[in-house]
Amino acid sequence: MILMCISAGAQNNKMTHDMTEFYTPEVPVVTPGTDLKGGGFTAPSDAIVLFDGKDLSKWENTKGGPAEWTVKDGVVTVDKSKGDIRTKDTFNDFQLHIEWRIPKDIEGSDQARGNSGVYLQGMYEVQVLDSYNNKTYVNGQAGSIYKQSAPLANAMRKPGEWNVYDIIYKAPDFKADGTYRNRPRVTVIHNGVVVQNNTEILGTTEFIGLPRTVKHGAGPILLQAHGDGSKPISFRNIWIRNL
Ligand code: MG
């Protein structure tokens, strides 16, 4: 793990973003199976439905005001001018289902091509990006734990088609001094393909610098309004089960 090779004594303020990006080994491309029903599973009976296609009543902006992304035809589309949105509810261990679509006419490259993200407990980003045919650092492509763990496979569907994440998350716990007793762990299934297998999350998912340890309790699901110029992506059918 390349992050472990960086001096533990290094200070984040001496770092640059490219120090935590790696490009090899490359992630194998796997063609996901065909979805016979045209979408992922709808919510099971014990799930909390976070977005059912109608409104964002379960969501807010990061200042606690209304979530103002665009809801139309059963999907919600990022409004980058409105910033990130997060669930009003907070969660510990959970199973999250979320579907996302890169616009068919997406433009841009690298990290500036359909970038968004699903932040677990508001802290740890599972990357959302168009990785269908788009090179970037492997620990920053779709299905990565951003700047930490590259996905085991690239199971990306084409722009214009729906991608599905099923995310199983185990929250961390902390010692009295604020360091991890047990780090968070996550399994991510992308279009039916395991891309993170009980991955230990090292700390916060930083653009610049090493993961940080920030003591926290239950947290929201946060969706990223990434500040690049490419067309905004959409989400649908979002539900969560407390574990
Ligand atoms: Mg992102």
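Guide: Let us begin with a term: a residue is buried when its relative accessible area is under 20%, exposed when over 50%, and partly exposed in between, with a 1.4 Å probe and protein chains only. Asn115 is buried, with a relative accessible area of 5%, and Ser116 is buried at 0%. This is a predicted model, in which local features need pLDDT of at least 70 and side-chain atom pairs count only at pLDDT 80 or more, while totals for chains, interfaces and linings use all residues. Residues are numbered from 1 along each chain as its sequence is written, and side-chain values use heavy atoms, with hydrogens and water left out.

Visitor: Which residues coordinate the magnesium ion?

Guide: Donors are N, O and S atoms within 2.8 Å of the metal (3.2 Å for Na, K and Ca); water is not among the atoms, so sites may look incomplete. Here the magnesium ion is coordinated at 2.1 to 2.3 Å by Asn115 (OD1), Ser116 (O), Glu125 (OE), Gln127 (OE1) and Gln224 (OE1). Along the sequence, these donor residues follow the spacing N-S-x8-E-x1-Q-x96-Q.

Visitor: How many aromatic pairs does the structure hold?

Guide: Rings of Phe, Tyr and Trp (its six-membered ring) pair if their centres lie within 6.5 Å; planes under 30 degrees apart count as stacked, over 60 as edge-to-face and the rest as tilted. The structure holds seven such pairs. In one of them, the rings of Phe94 and Tyr169 are stacked, because their centres are 4.9 Å apart and their planes are at 25°. Strands (E, at least two residues) are DSSP runs, numbered from the N terminus. Phe94 belongs to strand β6 (residues 94-101) and Tyr169 to strand β9 (residues 162-170), so that the pair links parts of the chain 75 residues apart. Phe94 is buried at 0% relative accessible area, and Tyr169 is buried at 1%.

Visitor: In what order do the five strands of the open sheet stand?

Guide: Strands of a sheet pair through backbone hydrogen bonds, either parallel or antiparallel. Two strands count as paired if DSSP finds at least two bridges between them. The order here is β2-β5-β14-β7-β8, with antiparallel pairing. β2 (59-61) and β8 (124-128) stand at the edges, each with a single partner strand, so one side of each is left without a neighbour in the sheet. Three bridges join β2 to β5 (residues 85-87), and Glu60 stands opposite Arg86 in β5.

Conventions
Helices (H or I, at least four residues) and strands (E, at least two) are DSSP runs, numbered from the N terminus.
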